[in-house]
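Let's take a walk through this structure together. Keep the sequence and the 3D view side by side as you read.

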Amino acid sequence: MPARPFVVHVAKLRRVLGTRWHEVRTGTLDDLACSGSEVPAGALLQADVTLDAIAGGVAVTGVVTAPWTGECRRCLVRASGTLRVPVRELYTEDGDGEETYPLIDDQVDLGVLVHDVVLLELPLAPLCEEACRGLCPMCGVNRNERECRCELPRDERWAALDVLRVPDLGTEN
């Protein structure tokens, strides 16, 4: 794998405005983590993009793909998934890194774009699955694996409202 797999040399592309290239670049990036999840060390990230020569720079559109892992916020088991993030950015010679990315020596560094996009899309509070039932607050059993018979303690502050309960009419004696 090249030392800088996300760098694309675009001098030839920029010779004629409107020229278009398709690039698929794969590589690793370090330290991609937020409070709830991370990209595993050594995991391959991919930028599948189209580069268009425009006046003053290069337009980049496509999709960034990256695996992630984290701890489920409900049941605390390992959760994982794959990010697929659409991107549309500009690289210009006077790029400041805020509104446009810098185009330096006719090189587009997709690694900076991939890094930014993945960090922004990593789940802050991941779930192992959308229907995760979590842990029982009383006994701590994982309710995805088995049921428990715990009942939450009654809050006596609400006892006055019990007179408003409708009796269960579904049972006959």
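What follows is a tour of some strands and a pair of rings.

A quick word on the ground rules: this is a predicted model, where local features need pLDDT of at least 70 and side-chain atom pairs count only at pLDDT 80 or more, while totals for chains, interfaces and linings use all residues. Residues are numbered from 1 along each chain as its sequence is written, and side-chain values use heavy atoms, with hydrogens and water left out.

Let's begin with strand 5, residues 57-71. (Strands are DSSP runs of E, at least two residues, numbered from the N terminus.) Strand 5 pairs with strand 6 in the antiparallel sense, over 15 bridges; two strands count as paired if DSSP finds at least two bridges between them. To spot one of these bridges, find Pro 67, whose partner in strand 6 is Thr 82. The two strands form a hairpin with six residues between them, and Leu 76 in the turn has a positive phi of about 70°.

On its other pairing, strand 6 runs parallel to strand 7, joined by two bridges. Here Thr 92 sits opposite Pro 102 of strand 7.

Now for the rings. Rings of Phe, Tyr and Trp (its six-membered ring) pair if their centres lie within 6.5 Å, and planes under 30 degrees apart count as stacked, over 60 as edge-to-face and the rest as tilted. That rule gives one aromatic pair. The centres of the Tyr 91 and Tyr 101 rings are 5.2 Å apart and their planes are at 25°, so this pair is stacked. Tyr 91 belongs to strand 6 (residues 78-92) and Tyr 101 to strand 7 (residues 101-102), so the pair ties together parts 10 residues apart in sequence.

Are these tyrosines buried or exposed? Tyr 91 counts as buried at 1% relative accessibility, and Tyr 101 counts as buried at 8%. (Buried means under 20% relative accessible area, exposed over 50%, and partly exposed in between, with a 1.4 Å probe and protein chains only.)

Methods: Helices (H or I, at least four residues) and strands (E, at least two) are DSSP runs, numbered from the N terminus.
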